Amino acid sequence: MGKKGKREKKGKGAEKTAAKMEKKVSRRAKKEEEDLEALIAEFQSLDAKKTQVIESSCPPPSPRLNGSLSAHPEKDELILFGGEYFNGQKTYLYNELYVYNIRKNSWSKVEIPNPPPRRCAHQAAVVPTAGGQLWVFGGEFASPNGEQFYHYKDLWVLHLATKTWEQIKASGGPSGRSGHRMVACKRQLIVFGGFHESARDYIYYNDVYAFNLDSFTWSKLVPSGIGPAPRSGCQMATTPEGSIIIYGGYSKQRIKKDVDKGTLHTDMFLLKTEGAGKEEDKWAWSRLNPSGVKPTPRSGFSVAIGPNNRSLLFGGVHDEEEEESIEGDFFNDIYFYDMGKNRWFPGQLKGPKSEKRKRRRGRQAEAEGDEDEDTENQHPQGPVEIVKEVVAEDGTVMTIKQVISGPAEEKERSESEEEEDGALSQQVEPCPRSNAMLAVKHGILYVYGGMFEVGDRQFTLSDLYSVDLHKMEEWKVLVEMDPKAQEWLEESESDEEEDDTEGAEGGEEEEESSEEESEDEGGEEQHPSVQPDEKHEDYLSRTEQYWIKLARSNMGPDAKEKKGSGT
């Protein structure tokens with residue numbers, strides 16, 4: 001029969017197994033999804049009461065992750081849609097639409113009648129048609145206790161010029177899923193991968209679908225060649241030639257009852273079409289073996305397309321999974337992939353020009369040429385440990401230790417030069433995080449929100465940073481993280497008895513009251529006191545185990561499981 005025949009037989013066997021698993025997941029998920037459909041319908045009836053577009057200026061959006069941030073194709077604006085928030089007890093889902101004005105550094109909330117239902121881990125893609133369109137596909141809705149999931153398979157378009165939402169009903173599209181990826185490629189939307197999860201089962205996908213933006217029809221692509229294994233949360237980018245690149249992602253499999261093993265994928269593939277992007281064109285998978293410095297293994301990273309034919313990824317988390325727990329190392333680094341050269345390289349910040357001039361004065365002339373060296377050609381520098389602190393509303397101090405590569409010049413500097421520059425070397429940067437929202441406009445990368453964990457406590461962010469990808473000099477903070485927005489509620493036995501509808505709606509008022517409760521709790525606890533003449537770092541070192549224990553006691557089990565989905 002030969003090797004080829006054996007491979008084909010093995011492939012068909014895997015397909016049958018996957019089909020059986022999908023049926024099993026589908027059966028168990030049906031009842032679960034019926035319960036959630038009633039809740040979603042209730043929210044939609046509330047949204048249906050909106051009859052006109054209301055646009056109003058507002059403070060920055062509340063903390064969230066797994067939403068979508070998209071650059072307006074014609075205006076200097078970023079569009080934020082959806083997302084989720086978990087406070088230790090309840091999961092909140094959003095379908096709000098926010099617009100960030102880049103020139104004014106201001107936010108506005110746009111209420112549009114009949115929006116898509118609340119969701120997170122969906123995908124959004126912008127096309128320039130008719131003044132701009134924002135296309136949204138899939139995603140998930142979770143019950144307030146975070147134990148039941150509804151996966152959407154609906155397709156929506158926001159007409160940016162008229163500020164109207166429209167649901168596009170077309171058959172033959174992907175099954176319900178979240179954590180998938182979608183890009184606009186020529187006159188098509190291409191959807192790849194993702195996962196579907198019920199209370200007891202899950203399935204990951206590696207199928208590819210195309211939605212034609214002219215005929216408004218779905219078609220399932222059947223590429224030749226060996227493609228990526230099923231996964232979610234990968235990097236998906238289009239090349240100028242109309243090909244598609246897939247990198248990384250996350251999947252898990254059950255190794256024994258109630259024990260799952262996660263896989264961080266680090267492979268890379270090219271999906272290429274022979275033709276002009278028509279539906280009848282044949283597609284083919286091929287494996288890519290890029291050169292350069294590849295990203296370290298991670299999940300939960302965020303992706304965007306930068307200038308100069310480069311895609312990029314930011315942040316993410318590397319989980320050390322044990323049978324009973326997950327410990328994660330979070331990142332805030334940038335990696336670029338040059339699509340023309342098939343080469344990875346880390347993004348190195350050069351530092352602001354004024355700072356460089358001060359550093360150069362009185363130093364040897366041979367350092368002069370280092371400033372203009374292309375970021376791509378710089379070698380990764382020695383690791384630097386950064387220690388940050390976050391004080392939550394309840395008084396809990398969280399210390400975040402992070403190891404990063406230093407700027408190109410830092411390696412050459414002596415200790416006396418470090419002291420000489422003082423505060424100049426303390427540059428602003430976003431803290432390490434996963435599941436942030438990215439967008440690029442005019443060559444500037446914007447990073448909004450996301451989450452990180454300290455011990456067993458989850459912090460959801462609402463800050464906004466930017467960095468010029470052409471200059472790669474420094475991060476700029478546009479909206480700072482508000483420690484008062486950080487709340488974490490202990491799991492209580494009465495949670496299950498609470499009204500689900502009230503909990504899932506978004507609950508700003510409830511968040512405020514719970515902050516007050518956490519303040520009271522903080523006041524009752526006696527934290528370790530600072531000893532006379534004790535240095536801050538000595539205090540942190542002495543009391544580190546106390547804070548870790550406190551953080552772990554302040555968490556419900558759901559947050560870890562949410563992160564593991566690799567959305």
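Is Asp463 buried or exposed, and what is its relative accessible area? In this predicted model, Asp463 is buried, with a relative accessible area of 2%.

## The Arg433–Asp463 pair

The side chain of Asp463 meets that of Arg433 in a salt bridge, with an N to O distance of 2.7 Å. The two residues are 30 residues apart and link distant parts of the chain, since Arg433 lies in the loop between α3 (415–421) and β27 (437–441), while Asp463 belongs to strand β29. Arg433 is likewise buried, its relative accessible area being 1%, which falls under the 20% limit used for that term.

## Other salt bridges

Salt bridges number 13 in the structure. Side chains of opposite charge can pair when their charged atoms come close.

Glu197 and Lys252 are joined by a salt bridge at 3.9 Å, N to O. Because Glu197 lies in strand β13 (residues 188–197) and Lys252 in strand β17 (residues 244–256), the pair ties together parts that are 55 residues apart in sequence. Both Glu197 and Lys252 are buried. Elsewhere, Arg64, Glu96 and Lys109 are linked in a network of salt bridges.

## Nonpolar cores

The largest nonpolar core has 16 residues, and those with the most contacts inside it are Leu312, Ile334, Leu445 and Trp475. Two or more residues of this core come from each of the elements β22 (310–321), β23 (326–338), β28 (444–454) and β29 (457–468). Leu445, when its neighbours within four places in sequence are left aside, is in contact with a set of residues that includes Leu312, Ile334, Tyr465, Val467 and Trp475.

## The surroundings of Leu160

Leu160 is placed in the loop between β10 (155–159) and β11 (164–168), and this residue is buried, with a relative accessible area of 11%. Not counting residues up to four places away in sequence, Leu160 touches His72, Pro73, Ile79, Gly131, Gly132, Gln133 and Leu134. Leu134 is 26 residues from Leu160 in sequence, and their C-alpha atoms are 7.2 Å apart in space.

Notes. Residues numbered from 1 in each chain as written. Predicted model: local features only at pLDDT ≥ 70, side-chain atom pairs only at ≥ 80, totals over all residues. Heavy atoms only, no water. Helix = DSSP H or I, 4+ residues; strand = E, 2+ residues; numbered from the N terminus. Buried < 20%, exposed > 50% of the residue type's maximum accessible area, 1.4 Å probe, protein only. Contact = heavy atoms within 4.5 Å. Core = buried A, V, L, I, M, F, W, Y, C linked by side-chain atoms within 4.5 Å. Salt bridge = Lys/Arg side-chain N within 4 Å of Asp/Glu carboxyl O.
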